[in-house]
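User: I have a chain open and want to go through its fold with you. Can you take my questions as they come?

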Amino acid sequence: MSQRQYAFQRESSAPGGKPTLLYISRAQYSSEWNSSLHTHGCAELFFITGGHGRFRTGEEEFPVAIHDAVIVNANVPHTEVSHPDSPLEYAVLGVEGLETLAGSGDYALLHLHTGWEELMGCLRLMLLEASESQPGYEQVCRNLMDVVLVRLGRQRDFALSGEVAGPRPSRECGLVRRYIDNHFKENLTLEQLAGLAHLNKYYLAHAFRREFGVSPINYLISRRIEESRFLLRETDHSISQIAQILGFSSLSYFSQSFRRLEGVSPVEYRKNRRSPAGRRDGAS
């Protein structure tokens, strides 16, 4: 992926509850593109400026192309997959204290056929201001972000909130969940996660379950199984290769975990979800 990101200092005088611009970036598909699910501690607003591909969240996958905007709430696993013959390009705003109240509850997809050029004008000016870093550029970018949010808020059946709804997870549990989302392929233990959060491992297990309804290790397994569904559908990796890629200690442990969560074996899942022309001999 070819990417350029510009980060902004936090406003010490920003009013409580006001969305805060943390960064703006521009990305273009390249052969080094890494399409792994990951999370951020802030909302991200994607504006597709070229090419086409697919956008994935933890639960869904859908096509995206130019004139599309995707708003992803904080701590929602997501990634982008470009079409190889039409490289995906997009601009992203990282905004703290913002969430979409439309769509699935995790994200919203907008097709912006009117007002697109005006939004692109704001984004181009934000990128120019950030790259040149002249005096006052951060304030200019924040004001332009406000314009972008107002114009998005005018879309029919769409709403943004400056206050994240519902109880927020504790900082420590949120940190652990984000770490798992970004490192679920690694060999993680409860002791490691507890050390990351500077908590007793028994307290972490109890607090994490209270916050998210599942233990840290079971959340880790569910994230791996979630990723395995994509690999089983979209790749020709063998079942044993997928188990190894996702950090399972053995093929049998992967198969048991998959069956427990999905109700079928990995081989059965692949057979049911692949097209007739696709690979069917998944286990090796």
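User: How many helices and strands does the protein chain have?
Analyst: The protein chain has nine helices and 11 strands. Keep in mind that this is a predicted model.

User: What share of the residues counts as buried?
Analyst: Of the 284 residues in the protein chain, 45% count as buried. As for contacts between residues at least 6 apart in sequence, 71% join residues at least 24 apart.

User: Which residues touch the most other members in the largest nonpolar core?
Analyst: Leu21, Ile24, Leu45, Phe47, Leu93, Met126 and Leu152 do, in a core of 32 residues. At least two residues of this core come from each of β2 (20-28), β3 (43-50), β6 (68-72), β8 (89-96), β10 (107-111), α1 (116-132) and α2 (137-153). The largest share is that of α1, with eight residues.

User: And the second, separate core, what does that include?
Analyst: That core has 27 residues, among them Val176, Leu232, Ile239 and Ala243. As background, nonpolar side chains tend to be buried together in soluble globular proteins.

User: Back to Leu45. What is Leu45 in contact with, leaving aside neighbours within four places in sequence?
Analyst: Leu45 contacts Val70, Ile71, Ala91, Val92, Leu93, Val95 and Leu98, and also Leu149 and Leu152.

User: Ser25 next. Where is Ser25 found, and is Ser25 buried or exposed?
Analyst: Ser25 is in strand β2. Its relative accessible area is 1%, so Ser25 is buried, the cut-off being under 20%.

User: What does Ser25 touch, not counting residues up to four places away in sequence?
Analyst: Ser25 touches Gln3, Arg4 and Gln5, then Tyr90, Ala91 and Val92, and also Leu127.

User: Changing topic: what is the strand order in the open sheet of three strands?
Analyst: The order is β5-β4-β7, and the pairing is antiparallel. β5 (61-65) and β7 (78-82) are the edge strands, each pairing on one side only. On average, neighbouring strands of this sheet are turned by 30° against each other, direction ignored.

User: Over how many bridges do β4 and β5 pair?
Analyst: β4 and β5 pair over five bridges, in the antiparallel sense. The two strands form a hairpin, with three residues between them. In β5, Phe62 is the bridge partner of Phe55.

User: And how many bridges join β4 and β7?
Analyst: Strand β4, residues 52-57, pairs with β7 over five bridges, also in the antiparallel sense. Arg56 has Thr79 in β7 as its bridge partner, and Phe55 stands opposite Glu80 in β7.

User: How many residues of β7 are buried?
Analyst: Four of the five residues of β7 are buried, so this strand is mostly covered.

User: Aromatics now. How many aromatic pairs does a search of the whole structure find?
Analyst: The search finds 11 aromatic pairs. One of them is Phe254 with Phe258, which is edge-to-face, at 6.0 Å centre to centre and 70° between the planes.

User: Where do Phe254 and Phe258 sit along the helix?
Analyst: Both are in helix α8, residues 251-262. Phe254 and Phe258 are four residues apart there, so about one helical turn separates them.

User: Which residues do ring pairs link into a cluster?
Analyst: The cluster holds Phe46, Phe55, Phe62, Tyr90 and Tyr107.

User: Last topic, helix α4. Which residues are buried there?
Analyst: Leu190, Leu193, Ala194 and Ala197 are buried in α4, which covers residues 190-197. They are on the same side of α4 because they cover an arc of only 100° around the axis.

User: What covers the buried residues of α4?
Analyst: The cover includes α3 (171-183), α5 (201-212) and α6 (216-234).

User: And what follows α4?
Analyst: His198 follows α4, and its phi is positive, near 60°.

Technical notes. Residues are numbered from 1 along each chain as its sequence is written. This is a predicted model: local features need pLDDT of at least 70, side-chain atom pairs count only at pLDDT 80 or more; totals for chains, interfaces and linings use all residues. Side-chain values use heavy atoms; hydrogens and water are left out. A nonpolar core is a set of buried Ala, Val, Leu, Ile, Met, Phe, Trp, Tyr and Cys residues joined through side-chain atoms within 4.5 Å. Buried means under 20% relative accessible area, exposed over 50%, partly exposed in between (1.4 Å probe, protein chains only). Contact means heavy atoms within 4.5 Å. Two strands pair if DSSP finds at least two bridges between them. Axes are lines fitted to C-alpha atoms, for helices over the stretch in contact, and angles run from 0 to 180 degrees between N-to-C directions. The arc is that of the directions from the helix axis to the C-beta atoms. Rings of Phe, Tyr and Trp (its six-membered ring) pair if their centres lie within 6.5 Å; planes under 30 degrees apart count as stacked, over 60 as edge-to-face and the rest as tilted.
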